[in-house]
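Here is a short briefing on a predicted model. Look over the sequence and structure first, then read on.

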There are 2 protein chains.
Amino acid sequence: MTDLKTIAGNYIAAWNEAAPSAREALLSRAFTADIRYRDPIMQGEGHDGIAALIDGVQQQFSDFRFSLRGEPDGFGDAIRFSWSFGPADGASVFEGTDIGVIENGRLKSVTGFLDKAPAQ
Amino acid sequence: MTDLKTIAGNYIAAWNEAAPSAREALLSRAFTADIRYRDPIMQGEGHDGIAALIDGVQQQFSDFRFSLRGEPDGFGDAIRFSWSFGPADGASVFEGTDIGVIENGRLKSVTGFLDKAPAQ
């Protein structure tokens with residue numbers, strides 16, 4: 001059984017990977033083929049749908065990186081983990097917490113909430 | 001549309017109500033008939049299933065009360081809210097965050113995570 005920290009780490013790695021072929025491998029490791037992702041700003045389905053979301057975020061924030069914040073927790077097929085997003089050498093600009101459903105060590109669905117965002 | 005704070009408030013009210021008839025009305029306000037609830041410790045389905053969980057918690061912690069912690073947030077049919085549980089006039093003993101799916105102003109599913117618990 002894949003542990004919660006590995007599952008969350010696979011997720012973060014996929015969001016940080018800009019090279020399409022490397023990212024496709026990471027997406028396959030992190031997500032089931034029928035992954036459904038949604039947060040307050042965007043949603044997507046399948047590896048291609050998630051790749052499009054990642055492309056959009058990377059284009060908008062090209063010098064930002066995701067990192068895991070705190071310790072993932074969970075029970076049954078549920079996982080919760082928190083992340084930071086900001087300049088690689090600076091303080092976080094965005095923070096969030098994602099709730100996922102796990103199937104065979106991969107995320108089958110993700111619902112993301114924002115914990116911190118710049119004032120608009 | 002029922003706002004997120006009302007939905008979370010209905011949930012807290014049901015968990016705090018000990019009288020069966022009053023609680024049945026609160027359960028109907030807070031949850032769909034097919035509500036599915038789960039957290040790291042317990043799970044239940046339907047109003048009767050939730051009532052049994054509430055009875056168990058109230059018997060174990062008879063002088064404790066739930067209260068809402070912070071502001072509920074959400075998007076689409078998703079809601080997130082946090083709660084405290086402890087003596088009515090004292091500091092919290094347990095804290096948690098629940099993620100729910102909303103249907104017509106009521107919770108259709110709830111997945112609960114613990115944020116604070118006494119060391120065992």
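Two residues are in contact if their C-beta atoms, placed from the backbone, lie within 7 Å. By that rule, among contacts in chain A between residues at least 6 apart in sequence, 38% join residues at least 24 apart. Residues are numbered from 1 along each chain as its sequence is written, chains are lettered from A and ligands numbered from 1 in the order written. The model is predicted: local features need pLDDT of at least 70, side-chain atom pairs count only at pLDDT 80 or more, and totals for chains, interfaces and linings use all residues.

**Chain A overall**
- Chain A has 3 helices and 6 strands (DSSP runs numbered from the N terminus: helices are H or I, at least four residues; strands are E, at least two).
- From the N terminus, the order is α-α-β-β-α-β-β-β-β.
- The C-alpha trace of chain A spans about 35 × 30 × 25 Å along its principal axes.
- Of its 120 residues, 28% count as buried (20 or more other C-beta atoms within 10 Å of the residue's own, with C-beta atoms placed from the backbone).

- Strands S3 (residues 64–75) and S4 (residues 78–87) of chain A pair antiparallel over 9 bridges (pairing needs at least two DSSP bridges).
- Phe66(A) stands opposite Phe85(A) in S4(A).
- The hairpin has 2 residues between the strands, and Gly76(A) takes a positive phi near 50°.

**Two copies**
- A 180° rotation with 0.0 Å of shift along its axis superposes chain B on chain A, RMSD 0.0 Å (least squares on C-alpha atoms of residues with pLDDT of at least 70 in both).
- That is the relation of a two-fold axis.
- The same surface serves both copies: 100% of the contact residues of chain B recur in chain A.

Note on methods
A residue is buried if 20 or more other C-beta atoms lie within 10 Å of its own, exposed if 12 or fewer, and partly exposed in between; C-beta atoms are placed from the backbone.
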